[in-house]
Amino acid sequence: MACLYCQKGSNTFSRLEPIHDLSQTPEFTIHEIVGESRNPYREIYECLDCHHYWWIRVKGTGDPRSTYPEYYEQTAELFDDQRSELIQNPTVSQLLQHSESKFPYTFFPEILETISKREPETLKRIFLDRVPNLPSSAKQWLRKWFQKQFPKDYNEEKGRGFPSHASLVIPLANNELVLVTEWVAINQCVVLSEIDDLYTLTAIKLPENKVLWKQTVNRPFLEGISIPYLFYQSGYLCYFQGFQKGSEYFSQLNRPNELLVFDLQGNLLLSIPLSFRCYEILSTEECDVSENRVIQNFQFSILSDTLYLPHTNEVHVYDLITKKILQKIKTPNGEISSGKVFQTESGVIFFHTLKGVFAVNENWEIVFQYQSKYHPVMIDSNLNFYYYYSIIESIQTGEQKRFYQEKDSDIKLLFELASPPVMFPEGILIPFVWDKSFLLNQNLELIKELDITSSDTLGPHSFGTNKVPILVSDENITITNDFDSIAMIDFLGNQLCILPIQSEVLNVFSFDGKHTVVILTCFDEYSEENQVEFIFLDHKGKILLKKILPGPEGLSVSFDGILIFSQKNQIYSLDLFVESDQYLKNL
């Protein structure tokens with residue numbers, strides 16, 4: 001007896017069978033569809049007369065709310081010639097060609113067993129290159145197979161995070177863990193590591209991989225809100241250590257205990273106990289404009305070797321050369337300083353508070369002040385105040401500008417900000433939660449409306465200190481939106497590229513003002529380790545490199561494009577430009 005295709009020319013078959021006994025799954029005779037056949041793979045049958053391949057499967061169907069099916073459905077699909085070729089003559093090239101074609105779930109692991117006997121070295125290269133467009137079942141099979149067949153290579157590559165040209169910078173002690181790395185010069189990187197609750201800062205000079213200095217510090221601020229605790233600012237290395245409990249029930253109100261400021265030779269200049277305030281906005285009137293969220297003022301500023309640090313209702317000014325305090329400035333009306341400080345060309349120093357601004361002259365006398373009733377999301381360099389519900393207030397003219405979404409019913413609703421606005425040359429970008437962004441000029445006039453937006457970081461569940469999803473570089477603006485897209489536009493609002501993504505954006509930054517780096521969460525069946533996807537873009541949004549790396553702990557990039565990353569107790573470096581050349585050649 002021949003198959004249905006031989007008899008009738010039919011290439012599909014489907015039927016329902018009612019359930020009579022819930023304890024048994026009905027048995028359908030494959031013989032009715034395929035005739036005389038053999039079963040090369042699970043759910044795949046070959047007709048011995050015409051040698052066509054059929055995919056025959058059985059599943060329960062009926063009311064989806066019911067635990068038990070009412071019917072069993074049997075379907076049969078005749079494979080086309082292209083997929084049949086993979087079944088008949090499995091090779092790596094055929095596998096890659098049909099990696100996104102429809103097959104039974106168990107098919108790829110089964111066929112990989114056959115291919116591995118013929119082309120083990122090719123499969124080894126697929127695993128090392130982490131070919132992305134393979135099904136999950138194939139990736140899992142390859143990981144287990146590689147670990148079993150090449151245990152030495154597996155452990156070596158696992159330790160290096162699988163980059164093809166990574167170089168070992170320095171190995172640490174066996175149980176030492178890298179927490180973060182930070183570039184403080186073109187060829188100098190500082191590593192914070194921990195071993196047995198002992199924390200150490202280590203400065204390394206590259207490419208010589210020479211240790212320049214070491215400093216022991218206390219435990220960094222890790223509890224509660226997520227903030228950078230080791231970072232470079234205006235020629236100094238800054239470190240938040242220790243922990244103050246802000247609330248017994250609300251960890252987002254916890255804060256660091258001490259600020260350490262080092263010079264780039266590793267000398268500790270200042271160690272300052274912190275008295276930062278943080279609190280929730282709860283007022284109904286306040287929420288009508290600013291939205292309910294936690295306010296934290298961890299920021300401080302360093303200008304011309306002078307540190308400006310919030311301290312309750314004062315700003316303490318330190319000279320980093322003499323290591324002495326210069327002044328304690330009482331803020332107007334007891335306002336809390338946000339830590340943002342700017343100096344004008346005439347020498348006047350502007351301080352941002354959580355609700356306004358004030359300015360002092362060279363004698364530290366207050367010469368200007370303004371305080372809003374509400375908490376602005378951002379204050380720009382023209383002293384415009386931006387509030388959550390799409391209100392811009394100019395303190396120089398007293399005018400307010402509002403942005404509405406007009407419905408078909410003529411109802412107008414205020415837009416809500418998705419993330420803080422960002423300034424760019426000659427304008428400002430405002431992202432809204434309803435997949436809209438506006439480009440404004442310096443006069444706050446609308447230049448362009450865009451049908452893209454950023455990650456929502458300002459809603460009622462936000463906590464004052466957030467990742468910034470928008471990056472302004474020398475020539476463009478990159479707008480990232482979690483689980484949606486990476487978009488790049490020029491300063492006129494023209495779209496340069498839009499890349500769909502399916503994961504969370506952990507960070508977006510530029511190391512040289514021209515190239516953009518986006519780091520995404522990555523859950524990849526090639527590995528069981530914590531890892532990230534690293535995307536390297538040029539100024540037009542072209543992908544120069546996509547790579548899976550360990551992390552994000554210990555990952556940073558120098559001005560010259562040298563990537564530092566860590567894998568357990570080892571630190572590696574990778575030249576992004578060399579790696580991108582190789583990546584583009586392989587496309």
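Let's start with a charged pair: Lys355 and Glu286 meet through their side chains in a salt bridge, at 3.8 Å from N to O. The term salt bridge is used here for a side-chain nitrogen of Lys or Arg within 4 Å of a carboxyl oxygen of Asp or Glu. Lys355 lies in the loop between strand 22 (349–353) and strand 23 (356–360), while Glu286 belongs to helix 9 (residues 284–287), so the pair links distant parts of the chain, 69 residues apart. Helices (H or I, at least four residues) and strands (E, at least two) are DSSP runs, numbered from the N terminus. Both Lys355 and Glu286 are buried; buried means under 20% relative accessible area, exposed over 50%, and partly exposed in between (1.4 Å probe, protein chains only).

A word on the model itself: it is predicted, so local features need pLDDT of at least 70 and side-chain atom pairs count only at pLDDT 80 or more, while totals for chains, interfaces and linings use all residues. Residues are numbered from 1 along each chain as its sequence is written, and side-chain values use heavy atoms, with hydrogens and water left out.

## Other charged pairs

By the same cut-off, the count comes to 12 salt bridges. Side chains of opposite charge can pair when their charged atoms come close. In one of these pairs, the side chains of Lys436 and Asp451 meet at 2.6 Å, N to O. This pair also links distant parts of the chain, 15 residues apart: Lys436 is in strand 33 (residues 436–441), and Asp451 is in the loop between strand 34 (446–450) and strand 35 (470–472). Asp451 is exposed, with a relative accessible area of 59%.

Glu533 and Lys546 form another salt bridge, at 3.5 Å from N to O. Here Glu533 sits in strand 41 (residues 531–537) and Lys546 in strand 42 (residues 543–550), 13 residues apart. How accessible are the two partners? Glu533 counts as buried at 17% relative accessibility, whereas Lys546 counts as partly exposed at 38%.

Strand 21 (residues 337–343) runs antiparallel to strand 22 and is joined to it by 4 bridges; two strands pair if DSSP finds at least two bridges between them. Val341 has Phe351 in strand 22 as its bridge partner. The hairpin of strand 21 and strand 22 has 5 residues between the strands, and among them Gly347 takes a positive phi near 95 degrees. Strand 22 and strand 23 are also antiparallel, joined by 4 bridges, and form a hairpin with 2 residues between them. Phe350 stands opposite Ala359 in strand 23.

Strand 13 (residues 258–262) pairs with strand 14 in the antiparallel sense over 5 bridges. Within that pairing, Val261 stands opposite Leu270 in strand 14.
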